[in-house]
Structure formats: structure tokens, C-alpha cells
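Work through the exercises below with the sequence and the 3D view open beside you. Try each task yourself before you read its solution.

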Amino acid sequence: MSKYVIFLGAAGSGKGTQAQVLKTQLDLIHLSTGDLLRQAMKDKSDLGLKAQSFVDSGNLVPDDLIIELVKTQLLSSNALEHGFILDGFPRTLAQAEALDVMLSDLSISLSAVVLFDLTLEDTVDRIVGRRVCSHCQFVYHINSIGDSTDCSNCGSKDSLVHRPDDTKEKVMHRYDVFKSQTEPLINYYKHHLYTLDAAQSPNSITTELSANVF
Ligand code: ADP
């Protein structure tokens, strides 16, 4: 049966890493608003130009822009048939309410909301060492890849980048934004919530999610 799952959690809590693995294993739609925004900024599309200053400063992009983006993506994907992981959306109560309307229009009921629980200290450590493939968005940490800038996932050469918003100061700011604007969603989704200790290894988390959520 298709699963319709939201991943909630601060930057660096491992949402994207798990989404990438589970998407391949289960043939799900992975919808990452962060990845979509970065692509829009790279393309210098209307959305990208409007979003740039918000993303650069670590603030949230205005709700109306994000809601429109997700609506378009959900309607143009096979979400109903395949199931989905929403990674990075919703991040505010207004986005959660708009998502309720979209899902009800599509006759989809949420399967679960997974909270990736991680301390600020771990968040900062992970983000400052994070490297991302600019072609396939695969995520790495310098502890495991050292100085290498080649992507073993898609085979691209010299494609691993340190995101400009992944500095210590900006991550601490994004953590504050998460606490003030996104944490209220924990209560909003209390009937669907599955809380995960995000400090575990990626493999343990995949095993736990496969056993309990997917
Ligand atoms: P993180 O590494 O913090 O999880 P993402 O890659 O998900 O970050 O998002 C990067 C940036 O994109 C955020 O700091 C924010 O500016 C913007 N963004 C992504 N998703 C949303 C959203 N649902 N609402 C508003 N802004 C968003």
C-alpha cells in the first residue's frame, strides 16, 4: 500500500539522507522543497529570484510561494499512486493547513509524520561538515569522504559543494527558525507523530523507518 509521509526535523537531522534511500527502495516520490528552491535559484526562475534572499539568510521563504510550488509538484507527480515523502514541507502552520486542503482534494490521508529529533550541537556538527552533490543532491559528510569532491552516487566529477547557507552562524539561525516556526507542527500532527532518535547511524534509522513507518 502506498505511504504518504512527512519528514519533520531541523537542518542536518537526516531527512534528506533517509528520503534518498527510501525513495529508491520503495519507489516513492521524494519532494524536497529545499532541493526545488536550490534548482529554481540556479535556473534564476521567477521563484528562484524571489526566494534567494530568504534562503541565503536562513529564513523561511514566504508561505504563498512555497504552497504554490508544492501544489504544482503534487499535482504533476504520481503521488497518489506511488506514495510520497515530503521533506522540508510543511514548515509552518499555514503550510500544514494548506497541505490538508491539497491532500483532501487528492483523496489522500497521511500515513505518518516522522520527527527527526537531534540536538543543536549535533545539528551544527553535521551541517558544517555536510557536502552535497550539485547534480544529484546526494548528501555526504567530510568525516566519511575527506577532501574528495567527486560524487559516488551519480558519478559526477568535482560536483560536491558546501552549501553557502551551511555555515555555523546560519545553521544556528535556522535552528532558531525551526524551534519557533516549525516545532508547533509537532502538536498539530500529534495523532500521526512518530519520533525518531536522529543521532543514530543512517542504517539504523533506515531499518527503524522500514519496520515502523513504511
Ligand atoms: P535544511 O538543510 O535546513 O533542512 P532545506 O534544504 O530543506 O534545508 O531548505 C533550505 C532553505 O530553503 C531553508 O532554510 C528555507 O530558506 C527554504 N525552504 C525550504 N523549505 C521551505 C518551506 N517549506 N518553507 C519556507 N522555506 C523553505
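**Exercise 1: The ligand and its surroundings**

Begin with arginine 174, where an N or O atom in the side chain is 2.9 Å from an oxygen atom of the ligand. Keep in mind throughout that this is a predicted model.

*Solution.* 

Step 1. The ligand is surrounded by 19 residues, and the closest are Thr33, Arg38, Asn59, Gly88 and Arg130. Sorted by class, the shell holds eight nonpolar, five polar and six charged residues.

**Exercise 2: Serine 156**

*Task.* Decide whether serine 156 counts as buried or exposed, and find which side chain its own side chain meets in a polar contact.

*Solution.* 

Step 1. Locate serine 156 in the loop between helix H8 (142–145) and strand S7 (160–161).

Step 2. A residue is called buried when its relative accessible area is under 20%; serine 156 has 14% relative accessibility and therefore counts as buried.

Step 3. The side chain of serine 156 makes a polar contact of 2.8 Å with the side chain of histidine 135. If residues up to four places away in sequence are not counted, serine 156 touches His135, Asp150 and Cys151.

**Exercise 3: The whole chain**

*Task.* Compare the radius of gyration of the chain with the value for a compact globule of 214 residues.

*Solution.* 

Step 1. A compact globule with 214 residues would have a radius of gyration near 17 Å, and the chain has 16 Å, which agrees.

Step 2. For the extent of the chain, note that its C-alpha atoms fill a box of roughly 45 × 40 × 35 Å along the principal axes. The chain has eleven helices and eight strands.

Step 3. Turning to the interior, buried residues make up 44% of the 214 residues. Among contacts with a separation of 6 or more, 73% are between residues 24 or more positions apart.

Step 4. Finally, the chain exposes about 10,600 Å², of which carbon and sulfur atoms supply 52%.

How values were computed
Residues numbered from 1 in each chain as written. Predicted model: local features only at pLDDT ≥ 70, side-chain atom pairs only at ≥ 80, totals over all residues. Heavy atoms only, no water. Near = heavy atom within 4 Å. Polar contact = N/O pair within 3.5 Å; in protein donor to acceptor, adjacent residues only side chain to side chain. Nonpolar A, V, L, I, M, F, W, Y, C, P; charged D, E, K, R; others polar. Helix = DSSP H or I, 4+ residues; strand = E, 2+ residues; numbered from the N terminus. Rg over C-alpha atoms; globule rule 2.2 N^0.38 Å. Buried < 20%, exposed > 50% of the residue type's maximum accessible area, 1.4 Å probe, protein only. Contact = heavy atoms within 4.5 Å. Areas by Shrake-Rupley, 256 points an atom, 1.4 Å probe, with all protein chains shown as cover.
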